[in-house]
Amino acid sequence: MIACQVDELRGKLKEIFGFSNFRGNQEEIINNLLSGRNTFVLMPTGAGKSLCYQLPAIISEGTAIVISPLIALMKNQVDQLNAFGVNARFMNSTLNKTEMRRVKEDTLSGAVKLLYVAPESLTKEENIEFLGQANISFAAIDEAHCISEWGHDFRPEYRKIKSIVGQFGDIPIIALTATATPKVQLDIQKNLQMEEADVFKSSFNRKNLYYEIRPKVDVKKQLIRFVKEQKGTSGIIYCLSRKKVEEIAELLRVNDVNAAPYHAGLDGALRMKHQDGFLNEDIDVIVATIAFGMGIDKPDVRFVVHYDAPKSLEGYYQETGRAGRDGLEGKCILFYTLDDIIKLEKFNKDKPVTERETAKLLLEEVSSYAESSVCRRKQLLHYFGEEYMDPDCSEQGLCDNCAHPKEIFEGMGFIEHVINAAIKTEERFGIKHLVNVIRGIESQYVKSYNHSKLDIYGIGKDETEVFWRSVVRQTLLNEFLAKDIENIGILKVTAKGHDFLKKP
Ligand code: ADP
Ligand code: MG
Ligand code: ZN
């Protein structure tokens, strides 16, 4: 491949995409790839990863393969490129025989600059053979975190990419992702055998996003009020289940919000209609499962609401990242309750042990993020291996914890009560019962287990239920108590918890 003159690259950027300047390190990345080097790009959602392979593909000879996990995402990008006058195509299960033949012919003739391929199509023998005959300039692997089991959407077919791409000659690979935990990064590089690749990691800080966690109480009322306050701007509401998606979309509609549902269970045409409607501003609010949004490029999403807890902070960060791509304000609201985390843990109960453990750790990160009173931005960036030192968030109140700093109180005595309550009830109960015992509430369980006889019973009657629940959470966050994965909902005292009692 040819390395391009600075002016030439910039000229093409303007000519084809209409942009006057590169963003962040796009230019370096493009030059690196054009000089034939393997390139690894870690950039937050909305920062402009696509351009890093689109522009080199256009100016290189031959066809670049773009491996991308979602058909909707491919279609979106191919449509955009075609509108710019670029010959881009896709190859996936939606094509019929004739369409497939035409794509292949045009690729072999060298007309196609970018060929988007679904991983499932890439692994098909006949397609490998065909691609082997084409003049491939390089391979781009978008959403590369799909390679890692530690990514939030692992795709087994992604693991085969390297061995297949290796058959198309000595072509450079560019891998791109917005998931940058050190673990995922390592997995990607190992699997693609590109440990030697040049890594371009941008800051993951999204300055224009406001992060807020709200307690999930009266959530429907809160949601309606919040959405109404946004006055018809575009927003996404994520729910965990299809059923919930339907329910919330309906709830918003009867409250005069122009909302529509999106989930994998909807009829394909309807789903597409809702997605297009959202992109074209016919629909203000899309209520969706996480199936919605990967790679969807809508610049003016003004809010992203997590109605239910996300399964991981990676997922949360990607999803919230869909707000404010245009650099203007984006509000990210998460409605949080520990019950959601417990529910998600229950879903994992039948998974194989390692998968379950992974899922559990990811969930713990979510709950400690949500329950912490530390700057959200600081926590998120720390999670992605980046230290956030700017004073901006605390000075400008760009997250709820910076906008309304919480009083921090010394809770040693309270923590002791919680650990004691767990021990005296023989570590056989969950948060609800522990709180009832401490507060002296005579529930069914308290009666049948005779727990009103315990010395700890009613010791914390002056404090509210919400207060004690938050103390229990703090003991979990600090690992004095741990959730028992075999018996969901039950809290056990850890070694650290026993040590704490001996020496608080
Ligand atoms: P990512 O894949 O990193 O989430 P995209 O590639 O979808 O992000 O780009 C996000 C938005 O940024 C798109 O609307 C894109 O057109 C825009 N964009 C990318 N590069 C530039 C640039 N150099 N100047 C202006 N806008 C850009
Ligand atoms: Mg992208
Ligand atoms: Zn902050």
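**Notes on the metal site, the ligand and the domains**

1. Along the chain, the donors of the zinc ion (ligand 3) are spaced as C-x17-C-x5-C-x2-C. Please keep in mind throughout that this is a predicted model.

2. Which atoms coordinate the zinc ion (ligand 3)? They are the SG atoms of C375, C393, C399 and C402, at 2.3 to 2.4 Å.

3. Why is the arrangement around the zinc ion (ligand 3) tetrahedral? The 4 donor atoms subtend angles of 103 to 118°, and four donors count as tetrahedral because all their angles lie between 85 and 135 degrees.

4. Now to ligand 1, which is surrounded by 14 residues. The closest are N21, Q26, G46, K49 and S50. Sorted by class, the shell holds 6 polar, 4 charged and 4 nonpolar residues.

5. Some polar contacts of ligand 1 are worth a look on your screen. In the side chain of Q26, an N or O atom lies 2.9 Å from a nitrogen atom of ligand 1. R23 places a polar side-chain atom 3.1 Å from an oxygen atom of the ligand, while G48 uses a polar backbone atom, 3.1 Å from an oxygen atom of ligand 1. Taken alone, ligand 1 exposes 570 Å², and the protein buries 81% of that.

6. Finally, the overall layout. The protein is divided into domain 1 (6-201), domain 2 (209-403) and domain 3 (412-502). The centres of domain 1 and domain 3, taken over C-alpha atoms, are 52 Å apart.

Methods. Residues are numbered from 1 along each chain as its sequence is written. Chains are lettered from A and ligands numbered from 1 in the order in which they are written. This is a predicted model: local features need pLDDT of at least 70, side-chain atom pairs count only at pLDDT 80 or more; totals for chains, interfaces and linings use all residues. Side-chain values use heavy atoms; hydrogens and water are left out. A residue is near a molecule or strand if one of its heavy atoms lies within 4 Å of it. A polar contact is a pair of N or O atoms within 3.5 Å; within protein, one must be able to donate a hydrogen and the other to accept it, and residues adjacent in sequence count only if both atoms are side-chain atoms. Accessible areas come from the Shrake-Rupley method with a 1.4 Å probe; for residues, only the protein chains shown count as cover. Ala, Val, Leu, Ile, Met, Phe, Trp, Tyr, Cys and Pro count as nonpolar, Asp, Glu, Lys and Arg as charged, and the others, Gly among them, as polar. Domain bounds come from an automatic or database domain assignment. Donors are N, O and S atoms within 2.8 Å of the metal (3.2 Å for Na, K and Ca); water is not among the atoms, so sites may look incomplete. Four donors count as tetrahedral if all angles lie between 85 and 135 degrees; four count as square planar and six as octahedral if opposite donors are over 155 degrees apart and all others between 65 and 115; anything else is irregular.
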